[in-house]
Amino acid sequence: MTWGDGTRAVRAGLPEPKAYEPTLPGPVFAAHYHLPGEPTGPYTYGRDENPTWTHLERAIGELEAPGEQGVETVVFASGMAAISAVLFSQLTAGDTVVLPADGYQALALVREQLSAYGIEVRTAPTGGDAQLSVLDGARLLWIETPSNPGLDVCDIRRLVAAARAEGALVAIDNTLATPLGQRPLELGADFSVASDTKGLTGHGDILLGHVTCRDASLAGSVRRWRKIAGAIPGPMEAWLAHRSLATLQLRVDRQCATALALAEALSAREDVSGLRYPGLSGDPSHKVAAGQMRRFGSVVSFVLPDRERAERFLGALRLVDDATSFGGVRSTAERRGRWGGDAVPEGFIRFSVGAEDAEDLVADVLRALDDAR
């Protein structure tokens, strides 16, 4: 059947109905299982398999590639565990990997480790499809679009085609968009990767990540890495994540609509510069984003004149928490430069739009900007 996003999110991964059984079984807490004879059953040991993971992995796979057979998802204890699993399961000494120069901050740590293992790491910015210029001979291309925190966008289809010509695999960090905003596998990627700590689970109360593949051998190598590293999610976290998927479409649609309203309001402010939101018609990335994204995400970025103005703005907000991460039902914002590592001005603000009423949130932001002058 062809279902809409909301129906799919509500029903994804649920087991076949059984009389007097819950529609979503509770978390299975088990380090081992009854295992007579040869270990041929689906569940043998808690580091390898868990029924709660199975339901969640099926659910995410249905969102990543609706209606497709053979898609496999592997869930992890965090987004970085998922990222590391792809990189370290696919690359060996002498290989070349291309990473975004403006991607998630922790990629800098990954670069150091990859180099220590004898892997050549090349970087280029996301915008302008600049990674094309360093793709020659690469084994793996890592794309992050929209990029975090700058919200640049690249043409996925163009980059995938170039990577295929080089014989390279393609992984896309889809954290900011979620499967409802962008489907990397449909755009040609081998791996769709995300930190589900963010928008997919959306409540700011669990750490989780996933990798989804069409190719069973690639999924198998990622799953093997999970077993080796032991980067497994707890059953309670997996169950909470599955429960949270039911509201994904409701949350994402509300957040995207409010993010656009906020971006439009900010565009009229003389004290705001560097405004970025891919859904804004005047954004430099809008045309490319509109060709590959189904929704434009919940994150807006902009720059205030200096560090002090940014701090006053954050302190004046009443409906927005000064916190890192993004994609949650409660709006958050931060002066991103406080962490170091991102090439952003001191007054750069990464704003994650929550599920508050748009009118209330926009009014709070505009009032805080006035108070911060």
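This is a predicted model: local features need pLDDT of at least 70, side-chain atom pairs count only at pLDDT 80 or more; totals for chains, interfaces and linings use all residues.
Residues are numbered from 1 along each chain as its sequence is written, and side-chain values use heavy atoms, with hydrogens and water left out.

Seven strands form an open sheet with mixed pairing, in the order 1-7-6-5-4-2-3. Strands (E, at least two residues) and helices (H or I, at least four residues) are DSSP runs numbered from the N terminus, and two strands pair if DSSP finds at least two bridges between them. Strand 1 (72–76) and strand 3 (120–124) are the edge strands, each pairing on one side only. From one strand to the next, the twist averages 20 degrees.

Within this sheet, strand 5 (residues 169–173) and strand 6 (residues 191–195) run parallel and are joined by three bridges. The bridge partner of A171 in strand 6 is F191. Helix 3 (residues 79–90) packs on the sheet, where it touches strand 1, strand 2 (96–100), strand 4 (140–144), strand 5, strand 6 and strand 7; contact means heavy atoms within 4.5 Å. The direction of helix 3 makes about 150 degrees with that of strand 6. Angles run from 0 to 180 degrees between N-to-C directions, and axes are lines fitted to C-alpha atoms, for helices over the stretch in contact.

Helix 2 (residues 51–64) lies across strand 1, strand 6 and strand 7 (209–213), running at about 125 degrees to strand 1. Helix 2 also meets helix 7 (residues 235–245): their axes come within 9 Å and cross at roughly 35 degrees. The contact involves T52, W53, H55, L56, A59, I60 and L63 of helix 2, and P235, A238, W239, A241, H242 and L245 of helix 7. These residues divide into ten nonpolar, three polar and no charged. Here Ala, Val, Leu, Ile, Met, Phe, Trp, Tyr, Cys and Pro count as nonpolar, Asp, Glu, Lys and Arg as charged, and the others, Gly among them, as polar.

The structure holds zero disulfides, a disulfide being a pair of cysteine sulfur atoms within 2.5 Å. The sulfur of C213 is too far for a bond, because the closest cysteine sulfur, in C154, is 19 Å away. For C256 the closest cysteine sulfur is likewise in C154, at 19 Å, too far for a bond. C213 counts as buried at 1% relative accessibility, and C256 counts as buried at 11%. Buried means under 20% relative accessible area, exposed over 50%, and partly exposed in between (1.4 Å probe, protein chains only).
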